[in-house]
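Hi everyone, thanks for coming.

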Amino acid sequence: MSSDVMDPVDARLAARLAELRAEHGWSLGELADRSGVSRSTLSRAERAEISPTASMLNRLCGVYGRTMSQLLSEVETEPAQMVPAADQAIWQDAASGFVRRSVSPPHPGLRGELVEGRLAAGADIAYDRPPVPGLEQHIWVLDGVLEVTAQDMEHRLAAGDCLRLRVWGPTRFRCPGPGDVRYALVVVLP
């Protein structure tokens, strides 16, 4: 695929971000103040000139009161009860080395969802706040090593280890290597 061809999911995501801002009646400046993302970056993301990073989406989800999976599910096709592996939506943040697979897409009537995360060796993602305060997370490492920092406490997880927590403040996900890490993330709305 040519680098100047926009991914259809990114194009729909850009349109949805613009719709959400319009639904709230906010200018780009107001959204920038609320999210801490610059006006120019927000404008470029809404026009699909750039693909938002995981950190940026996390900030916007916090402003809009949604999880990242909820936002991404809004730009996917109609959710089904059973999603074959080949049809599970994948989103990449190439800048950070993060790949996210929506294994069980969120559903309006349910509070939980299952996500597969992959981080390349050396990848480090910091979120300044949860998209929804008090969000419950269960992180189960399938392969590799993952370091998770939450509430100023670092947890080092190896294959088979599981960490459960409620997220109230900043978090950090880091793959110290030497290989990549693959983990399952169960997200439950409060």
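Let's begin just after H2, where Gly 36 takes a positive phi of about 80°. A quick word on names: helices (H or I, at least four residues) and strands (E, at least two) are DSSP runs, numbered from the N terminus.

Before I go on, some housekeeping. This is a predicted model, so local features need pLDDT of at least 70 and side-chain atom pairs count only at pLDDT 80 or more, while totals for chains, interfaces and linings use all residues. Residues are numbered from 1 along each chain as its sequence is written, and side-chain values use heavy atoms, with hydrogens and water left out.

Okay, back to H2 itself, which covers residues 28-35. Which of its residues are buried? Those are Leu 28, Gly 29, Leu 31, Ala 32 and Ser 35; by buried I mean under 20% relative accessible area, with exposed being over 50% and partly exposed in between (1.4 Å probe, protein chains only). They cover an arc of only 165° around the axis, so they sit on the same side of H2. That arc is taken from the directions from the helix axis to the C-beta atoms. As a reminder, an α-helix has 3.6 residues a turn, so residues three or four places apart point the same way. And what do the buried residues of H2 pack against? Their partners are H1, helix H3 (39-46) and helix H4 (54-64), where contact means heavy atoms within 4.5 Å.

Staying with helices, look at Leu 71 in helix H5, residues 68-73. Leu 71 has 1% relative accessibility, so it counts as buried. Leaving out residues up to four places away in sequence, Leu 71 touches Leu 13, Arg 16, Leu 17, Leu 20, Leu 57, Cys 61 and Arg 66. Take Leu 57: it is 14 residues from Leu 71 along the chain, and their C-alpha atoms are separated by 8.7 Å.

Now for the salt bridges. I'm using the term for a side-chain nitrogen of Lys or Arg within 4 Å of a carboxyl oxygen of Asp or Glu. How many does the structure hold? The count is 14.

One of them joins the side chains of Glu 116 and Arg 101, at 3.1 Å from N to O. Glu 116 lies in strand E3 (residues 112-119) and Arg 101 in strand E2 (residues 98-104), so this pair ties together parts that are 15 residues apart in sequence. Both Glu 116 and Arg 101 are buried.

Glu 116 has another partner: Arg 182 forms a salt bridge with Glu 116, with the closest N and O atoms 3.1 Å apart. Here Arg 182 is in strand E10 (residues 181-188) and Glu 116 in E3, so the link spans parts that are 66 residues apart in sequence. Is Arg 182 buried or partly exposed? Its relative accessible area is 31%, so Arg 182 is partly exposed, while Glu 116 is buried with 12%.

Next, the largest pocket, with a volume of about 280 Å³. The search runs on a 1 Å grid over the protein atoms alone: a pocket is an open set of points where a 1.4 Å probe fits, with protein on both sides within 12 Å along at least five of seven lines, and lining residues have an atom within 4 Å of a point. Grid points are joined across faces, edges and corners, and the volume is the space filled by probe spheres set on the points.

Which elements supply at least two residues each of that lining? They are helix H1 (8-24) and strand E1 (90-93), and E1 gives the most, with four residues. Among the lining residues are Asp 7, Ser 51, Trp 91 and Ala 95.

Most residues other than glycine have a negative phi, and most peptide bonds are trans. Gln 151 has a positive phi of about 50° although it is not a glycine, and Asp 152 has one of about 60°. Gln 151 sits in the loop between strand E6 (145-150) and strand E7 (153-158), and Asp 152 lies in the loop between E6 and E7 too. Gln 151 is exposed at 56% relative accessibility, and Asp 152 is exposed at 83%. Finally, the peptide bond from Gly 177 to Pro 178 is cis, with omega near 10°.
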